[in-house]
Amino acid sequence: MNADDFPTPDVDVDSVDPETLKDRIDAGEEISILDARMQSDYEEWRIDAANVTSINVPYFEFLEDDIDESVLEQIPDDREVTVLCAKGGASEYVAGTLAERGYDVNHLEDGMNGWASIYEAVEVERYDGAGTLLQYQRPSSGCLGYLVYDDEAAAVIDPLRAFTDRYLDDAAELGVELEYALDTHIHADHISGVRDLADEGVEGVIPDAAVDRGVTYADQLTTAADGDTFEVGDATIETVYTPGHTTGMTSYLVDDGLLATGDGLFIESVARPDLEEGDDGAPDAARMLYESLQERVLTLPDDTLIGGAHFSDAAEPADDGTYTAPIGEIVEEMDALTMDEDDFVDLILSDMPPRPANYEKIIATNLGQNAVDDQEAFTLELGPNNCAASQNSLAGD
């Protein structure tokens, strides 16, 4: 039986929408999840938090009329359990079979696809530049983006194609015109929204240094070189070339208040250096990253906020709920940033996680060498981002 082709249960099964489940998790409520996807999918990517208890029992274990007792013994019978799958079909069926046996269950609407559709905007309260700065957060993949707006103008940094309409709608709701959409680099974990926003009349911007990777559409957008600036009301966005994660990696300094570092520096780790030239090129890329961090990033004032393009499960949000932190604080907590070059290179090459799922096809799509429709684009980027150099936090080491 196909995991998407399940009959409607004979009993009524309550559903919970992804946003409500996220709110309950954020509120600290103890949540029990039965993930009915295949074990390989579960191990790669799942809903995880300190207050979430998650077990994996694949849906096919529930297809027989007489479910094995060893399966049922894994399901908590003293509290509510939320069943989930990839798209919502299998989970409703599994929840129904459990409800028939007296379990207190509901199921997650649209499954992990629904979870991947959550996209939140949180104000960066410590930002002290002109205008207002929001951080976009996609909890399913840890993707982060930024919207700065001031005096009826706005710019978005590292937009996702899946949320193109969201940026335009947010700008309209705020009463501003979205003027710029800027990418920090050629992303390997999600499909960029810069070209789609450009199609809607927004000025798309990519790093000039990224063009040589094979970008096919550079003549249709603005290319940003080191030192170039973009005015958003009274706020100035300055281009800061910071290669390492990729040869074209570029940060954007938002009115001297926050450096949007893309995948160069995160609040809990630094970039992995192997996604452009593979393992053979990783040592040289790591040395390039070290130089960028030491000469272009850590030379900024200590109170400059760092905001990466991703966060991992190991990241701790700030009091305002954003994944941002002052440079001085990050340096104090991350020994990697005060190491000499050789030790730094050895460290970040020693514990890199698996490469992002479908990263080669995603890169080709972001270069314009591969075309995918919206549904395939959404499917390609499901899963963890894995763009940091370490599987664990380097902060506090």
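Which residues line the largest cavity?

Analyst: The largest cavity is lined by Thr242, Ser251, Thr261, Gly264, Leu265, Leu289, Ser292, Leu293 and Val297. First, the ground rules. This is a predicted model, in which local features need pLDDT of at least 70 and side-chain atom pairs count only at pLDDT 80 or more, while totals for chains, interfaces and linings use all residues. Residues are numbered from 1 along each chain as its sequence is written, and side-chain values use heavy atoms, with hydrogens and water left out.

Now the terms. The search runs on a 1 Å grid over the protein atoms alone. A cavity is a set of points where a 1.4 Å probe fits but cannot get out. A pocket is an open set with protein on both sides within 12 Å along at least five of seven lines. Lining residues have an atom within 4 Å of a point. Grid points are joined across faces, edges and corners, and a volume is the space filled by probe spheres set on the points.

Back to the largest cavity. About 40 Å³ of space lies in it. Helix α8 (residues 278-297) gives the largest share of its lining, four residues. Helices (H or I, at least four residues) and strands (E, at least two) are DSSP runs, numbered from the N terminus. The lining has four nonpolar, five polar and no charged residues. Here Ala, Val, Leu, Ile, Met, Phe, Trp, Tyr, Cys and Pro count as nonpolar; Asp, Glu, Lys and Arg as charged; and the others, Gly among them, as polar.

In total, there are two cavities of 30 Å³ or more. The largest share, three residues, comes from β3. By class, the lining splits into four nonpolar, three polar and one charged.

Strand β2 (residues 31-35) has five of its five residues buried, so it is largely enclosed by the rest of the structure. Buried means under 20% relative accessible area, exposed over 50%, partly exposed in between (1.4 Å probe, protein chains only). Ile31, Ile33 and Asp35 point one way from β2, while Ser32 and Leu34 point the other way. In a regular strand the side chains alternate between the two faces of the sheet.

Two strands pair if DSSP finds at least two bridges between them. β2 pairs with β3 (residues 52-56) in the parallel sense over five bridges, and leucine 34 has isoleucine 55 as its bridge partner there. β2 also pairs with β4 (residues 81-84) in the parallel sense, over three bridges. In β4, leucine 34 is bridged to valine 83.

Finally, the open spaces. The largest pocket has a volume of about 1,300 Å³. It is lined by 44 residues, and Asp48, Phe311, Ser312, Asp313 and Ala314 are the closest to its centre. Its lining has 19 nonpolar, 15 polar and ten charged residues. The second largest pocket holds about 430 Å³. Of its 21 lining residues, Arg37, Asp41, Ala86, Asn113 and Leu382 lie nearest its centre.
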